[in-house]
Amino acid sequence: MSETPAYPVGLRLAGRRVVVLGGGTVTQRRLPALLAAGADITLISPSVTPSVEAMATSGELTWERRRFRDGDLADAWYALIATDDPAANAAASAEAEAHRVWAVRSDDADAATAWTPATGRSEGVTVAVLTGQDPRRSAAVRDAIVEGLRDGSLSAPHRRARTGGVALVGGGPGDPDLITVRGRRLLADADVVVADRLGPRDLLDELPPHVEVIDAAKIPYGRAMAQEAINAALIEHARAGRSVVRLKGGDPFVFGRGMEEAEQLAAAGVPVTVVPGISSAVSVPAAVGIPVTHRGVAHEFTVASGHVAPDDPSSLVDWEALGRLRGTLVLLMAVERIGAIAATLVRHGRAPDTPVAVVQEGTTAAERRVDATLETVGETVAEQGVRPPAVIVIGDVVALGSRTPR
Ligand SMILES: C[S@@+](CC[C@H](N)C(=O)[O-])C[C@H]1O[C@@H](n2cnc3c(N)ncnc32)[C@H](O)[C@@H]1O
């Protein structure tokens with residue numbers, strides 16, 4: 001192969017005829033990008049993979065169930081030649097050359113007139129990498145760039161489109177790797193971060209020094225006042241044109257007051273973006289090997305807050321109904337009242353020997369699991385000094401978790 005580099009170009013294929021020869025795995029891998037570009041694809045092949053067939057069935061492309069024949073490429077703008085027959089590939093290449101159709105060859109890069117770069121996308125940026133005949137290196141460079149753009153470690157200041165708004169970002173249960181890609185990117189772009197006590201606090205250490213971090217847990221008021229002070233801080237910074245991230249534990253809309261904050265911001269005319277997060281309700285049990293559902297064991301899981309006692313008139317939870325359920329019950333904010341809650345569940349029908357796991361500070365270095373039954377959990381939690389934050393899982397799935405190697 002010549003050392004002459006390829007000339008990079010972005011083809012605008014929307015509505016233009018692209019001919020694909022062959023329906024195997026190479027084609028299957030290339031088709032999504034061609035479809036995303038809006039190409040008018042005719043695929044010619046006697047057989048195709050099930051995934052390619054599904055694309056044809058759904059009308060995303062036209063499949064002609066036959067071999068290549070002369071003239072197939074005559075009016076194409078671009079061709080992907082990827083049959084398992086080298087002679088057919090060579091004939092198609094020759095035809096592409098004669099008609100000046102740029103063509104990629106899966107079997108012979110030297111004979112091709114075009115090469116497919118390793119591509120990736122992040123926030124509206126397409127990254128395309130060509131390294132001659134070293135596709136692994138292309139993919140590795142592409143991965144490094146896309147990953148860097150996603151997690152903010154690759155600085156690209158002009159990509160910043162969002163200013164003056166607030167992103168309510170679900171940070172996941174605590175492990176910094178369990179925030180979403182979008183959440184991490186917004187964090188990397190932020191001027192101000194207002195963070196809760198729960199969530200991926202390690203990520204705050206990575207923020208550049210100019211980023212102002214406000215610790216919501218340290219706002220010195222009572223609960224209601226603290227929430228007002230948080231809202232006021234979010235609105236003030238956003239109005240000053242700063243990009244603000246409200247970093248919350250788990251998912252912002254699961255016992256996270258996310259909607260209250262979103263409403264306050266909207267009322268103040270501040271644009272709000274909500275970025276879902278991985279809730280502790282599911283991820284903390286998973287971290288200790290407990291699936292909240294399991295075939296033949298639990299066909300439902302219910303998440304409830306235990307922040308008020310079952311006999312408290314302000315409780316909105318129907319504990320009687322939960323006592324009758326057979327599936328998994330996941331309790332948040334329930335450590336202090338678990339004795340009363342467990343007794344209520346037993347009173348309403350749950351077996352006293354139902355397994356219970358209490359998982360404190362799940363997914364963090366301090367993670368701790370304490371096992372009990374509904375009958376013993378109140379005492380066990382007190383004896384073992386279990387403290388919030390903890391997720392309490394009740395149901396037969398708990399026993400599955402304890403027998404699964406981690
Ligand atoms: C105010 S709620 C917020 C829930 C959060 N929005 C979510 O989706 O996970 C706080 C409760 O979540 C649970 N929690 C959050 N993170 C946890 C973790 N890493 N380990 C154990 N429990 C956690 C605890 O029950 C804690 O009391």
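Of the 24 residues around the ligand, those that come nearest are Gly250, Val254, Gly256, Ser279 and Ser280; a residue counts as near a molecule or strand if its C-beta atom, placed from the backbone, lies within 6 Å of it. The model is a predicted one, in which local features need pLDDT of at least 70 and side-chain atom pairs count only at pLDDT 80 or more, while totals for chains, interfaces and linings use all residues. Residues are numbered from 1 along each chain as its sequence is written.

Two elements, α9 and β17, each supply at least two residues of the shell around the ligand. The largest share of that shell, three residues, comes from α9. In these names, helices (H or I, at least four residues) and strands (E, at least two) are DSSP runs, numbered from the N terminus.

Why is α9 described as largely enclosed by the rest of the structure? Seven of its eight residues are buried, so the remainder of the structure largely encloses α9. A residue is buried if 20 or more other C-beta atoms lie within 10 Å of its own, exposed if 12 or fewer, and partly exposed in between, with C-beta atoms placed from the backbone. The buried residues of α9 are Ser280, Ala281, Val282, Ser283, Val284, Pro285 and Ala287. They pack against β13, β14, β15 and β17, where two residues are in contact if their C-beta atoms, placed from the backbone, lie within 7 Å. After α9 comes Gly289, whose phi is positive, near 85°.

Leaving aside neighbours within four places in sequence, Val393 is in contact with Pro285, Ile290, Thr328, Val330, Val356, Ala357 and Val398.

Helix α11 (residues 338-347) has Ile338, Ile341, Ala342, Thr344 and Leu345 as its buried residues. Seen down the axis of α11, these buried residues fall within an arc of 160°, so they line one face of the helix; the arc is that of the directions from the helix axis to the C-beta atoms. The buried residues of α11 pack against α10 (319-324), β14 (328-332), α12 (377-384) and β17 (390-394). Just after α11, Gly349 takes a positive phi of about 125°.

Strand β13 (residues 301-305) contains Phe301. Phe301 counts as partly exposed because it has 19 C-beta neighbours inside 10 Å. Not counting residues up to four places away in sequence, Phe301 touches Val292, Thr293, Gly327, Thr328 and Val330. Asp371, in strand β16 (residues 368-373), is likewise partly exposed, with 18 other C-beta atoms within 10 Å.

The description now turns to a sheet. Five strands form an open sheet in the order β10-β9-β11-β8-β12, with parallel pairing; two strands pair if DSSP finds at least two bridges between them. β10 (212-215) and β12 (272-275) stand at the edges, each with a single partner strand, so one side of each is left without a neighbour in the sheet. From one strand to the next, the twist averages 20°. Axes are lines fitted to C-alpha atoms, for helices over the stretch in contact, and angles run from 0 to 180 degrees between N-to-C directions.

Strand β9 (residues 192-195) is joined to β10 by four bridges, and the two run parallel. The bridge partner of Val193 in β10 is Val213. Helix α5 (residues 181-189) packs on the sheet, touching β8 (166-170), β9, β11 (244-248) and β12, and its direction makes about 135° with that of β8. Helix α8 (residues 258-267) also packs on the sheet, where it touches β8, β11 and β12; its direction makes about 165° with that of β12. β9 also pairs with β11 in the parallel sense, over four bridges, and Val193 stands opposite Val245 in β11. Val192 and Val194 point one way from β9, Val193 and Ala195 point the other way, and all are buried.
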